[in-house]
Amino acid sequence: MDVPSQVLKIAEDIKSMKVRGAGRIAREAARALIIFSEQSEDKDVSGFMKKLDYVARLLINTRPTAVSLPNAIRYVLSRAYKTLECTSDVEKLREVVVYSARKFISDSLVAVERIGDIGSKLVKDGMTILTHCHSTAVISILKHAWFSGKRFNVICTETRPKFQGRITARILSGFGIPTTLIVDGATRYFMHDVDVIFVGADAIASNGALVNKIGTSMIALAAREARKPFFVAAETYKFAPETLSGKLIKVEERPENEVLPKREIEKMKGVSIRNPAFDLTPPQYITAIITERGVIPPQAAVSILVEFLGWSLEQFSKF
Ligand code: RUB
């Protein structure tokens, strides 16, 4: 199928992790739908919708875990399908796709800001805060807290194998926040110095379980042992509707050469390498989830899905 090269590039950038982080992936996918709609030359609705479905699937298949990606697509496509019920005007459909995708992007950015504002209230002067990987939502919390005058320091785990923790450390120290980078395995060693943990989310299941960067669940375990609060920063579009019907969130397994360069792998005869990108933290290890709608206990995840997002089983079964 004929897909605009800019759309293919966005899909490739998400797949290769040039574009990464659940929120950014979702916003880029929405941007791809805008580009597709603006560039499509279809004159009839059925051709347009067929291609839109194709592009949606192409984007969804780039990374399987971050539920923000299918949720962004569902947000746009559910509005397109609703419009289709009352019009056969392809221009109208194009407008709806572009408008909805733009709205998703701007609402998403507002949500990250709101989380920053709400979450910053949990930060106190003198705290040592630990974070893992690179989460825009967590950065937003720390940024709001720092620029509202609170003084604290942050420990960042380097986050093997892709070292996203280095990005976090660079951003935070760029704000002037005292920042320390540690290897992932040193987390428990430093846990007695830590007052609070903030991590982001790739997906939240309806029972409140968190799926986030590999290593998150070990940090939660160490935090629980040391009785330190463990907060998750998650926009509501990170909540996974399919888990309402018991479906499990798929954990992405990435190529082995992210763990070891190819030439080193060749020297490791008989050794297999596994590289799961995410893990699951059970709800009992989570103190609370900071969303743009407020701070909720993990057990309230189901009400976010049902009451606030209003997802119906039919709505998400298509994608
Ligand atoms: C990134 C990761 C982040 C979440 C939340 O994984 O696990 O914690 O995506 O990020 P990857 P954000 O680097 O594999 O995409 O708050 O920016 O949405």
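This is a predicted model: local features need pLDDT of at least 70, side-chain atom pairs count only at pLDDT 80 or more; totals for chains, interfaces and linings use all residues.
**View 1. Cavities in the model.** There are 2 cavities of 30 Å³ or more. A cavity is a set of points on a 1 Å grid over the protein atoms alone where a 1.4 Å probe fits but cannot get out. Grid points are joined across faces, edges and corners, and a volume is the space filled by probe spheres set on the points.

**View 2. The largest cavity and its lining.** The largest cavity holds about 190 Å³ of space. It is lined by 23 residues, of which Arg20, Gly21, Ala22, His134 and Asp202 are the closest to its centre; lining residues have an atom within 4 Å of a point. Helix H2 (22-39), helix H6 (136-147) and strand S6 (210-213) each give two or more residues to this lining, and H2 gives the most, with 4 residues. Helices (H or I, at least four residues) and strands (E, at least two) are DSSP runs, numbered from the N terminus.

**View 3. The largest cavity and the domains.** The largest cavity lies between domain 1 (5-113) and domain 2 (115-317), because both give residues to its lining. Domain bounds come from an automatic or database domain assignment.

**View 4. The second largest cavity.** Its volume is about 50 Å³. Among its lining residues are Met17, Arg160, Lys162, Lys213, Arg254 and Glu258.

Residues are numbered from 1 along each chain as its sequence is written. Local features need pLDDT of at least 70, side-chain atom pairs count only at pLDDT 80 or more, and totals for chains, interfaces and linings use all residues; side-chain values use heavy atoms, with hydrogens and water left out.

Terms used: On a 1 Å grid over the protein atoms alone, a cavity is a set of points where a 1.4 Å probe fits but cannot get out, and a pocket is an open set with protein on both sides within 12 Å along at least five of seven lines; lining residues have an atom within 4 Å of a point.
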